[in-house]
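Colleague: I have a few questions about how the labels on this model were reached. Could we go through them together?

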Amino acid sequence: AMSKSAVKISSDLLANPLCEQEPAFLEMVTAFDTAMKRMDSFNQEKVDWPWLGDGSAGGVVESFSSVFPSLNMAVKRREQTLQDYKRLQSKVEKYEEKERTGPVLAKLHQ
């Protein structure tokens, strides 16, 4: 969006009557306009990369998983570890709610 604004500004500057009167200003504004158009096209190419799919991070991870199989394994291990953590955290919370007797305290400190 910002590069689109810069292109609009540079186009407006080119349409300014001062450009007709001052050749140095026209040259400077033309160079600025060219640079802004290049920047806009470069940004547009980055947005339109085909491997991004729907533009979500999941699409990027899925496309890299075929190139880097270890990435896919790391994501699966992370998900499994997160599930294990949540399961164990709920057990700890359950034991903390119970009465503090010998067996409960032993399980809490495992």
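Modeller: Gladly! A word on the UniProt record to begin with: its positions are given in the numbering used here, and its annotations may be inferred rather than shown by experiment. This is also a predicted model.

Colleague: Which residues does UniProt list for "coiled-coil region"?

Modeller: The unreviewed entry lists residues 71-98 under that name. In the model, this span is 96% helix and 0% strand, and its end C-alpha atoms lie 41 Å apart.

Colleague: Which elements have the highest and the lowest mean pLDDT?

Modeller: Helix 5 (residues 69-97) has the highest, 85, and helix 4 (residues 57-67) the lowest, 60. For the chain the mean is 77, with 72% of residues at 70 or more. Where pLDDT is low, the predicted coordinates should not be read in detail.

Colleague: Why is Ser10 called buried?

Modeller: Buried means under 20% relative accessible area. Ser10 has 0%, so it is buried. Ser10 belongs to helix 1 (residues 2-14), and beyond its neighbours within four places in sequence it contacts Val29, Phe32, Asp33 and Met36.

Colleague: What makes the pair Asp33 and Lys37 a salt bridge?

Modeller: The cut-off is 4 Å between a side-chain nitrogen of Lys or Arg and a carboxyl oxygen of Asp or Glu. Asp33 and Lys37 have N and O at 3.1 Å, which meets it. Both residues are in helix 3 (residues 23-47), 4 residues apart, so about one helical turn separates them.

Colleague: Are those two partners buried or exposed?

Modeller: Asp33 is buried, because its 6% is under the 20% limit. Lys37, at 43%, falls between 20% and 50%, so it counts as partly exposed.

Colleague: How do you know that Asp84 and Arg87 meet in a salt bridge?

Modeller: Their N to O distance is 3.7 Å, and the limit is 4 Å, so the pair qualifies. They sit 3 residues apart in helix 5, about one helical turn. Asp84 has a relative accessible area of 29% and is therefore partly exposed, and Arg87 is partly exposed at 43%.

Colleague: How many salt bridges does the structure hold?

Modeller: It holds 3. One of them joins Lys8 and Asp12, with the closest N and O atoms 3.1 Å apart. Lys8 and Asp12 both lie in helix 1, 4 residues apart. Asp12 is partly exposed, because its 42% lies between 20% and 50%.

Note on methods
Residues are numbered from 1 along each chain as its sequence is written. This is a predicted model: local features need pLDDT of at least 70, side-chain atom pairs count only at pLDDT 80 or more; totals for chains, interfaces and linings use all residues. Side-chain values use heavy atoms; hydrogens and water are left out. Helices (H or I, at least four residues) and strands (E, at least two) are DSSP runs, numbered from the N terminus. Buried means under 20% relative accessible area, exposed over 50%, partly exposed in between (1.4 Å probe, protein chains only). Contact means heavy atoms within 4.5 Å. pLDDT is the predictor's confidence in each residue, from 0 to 100.
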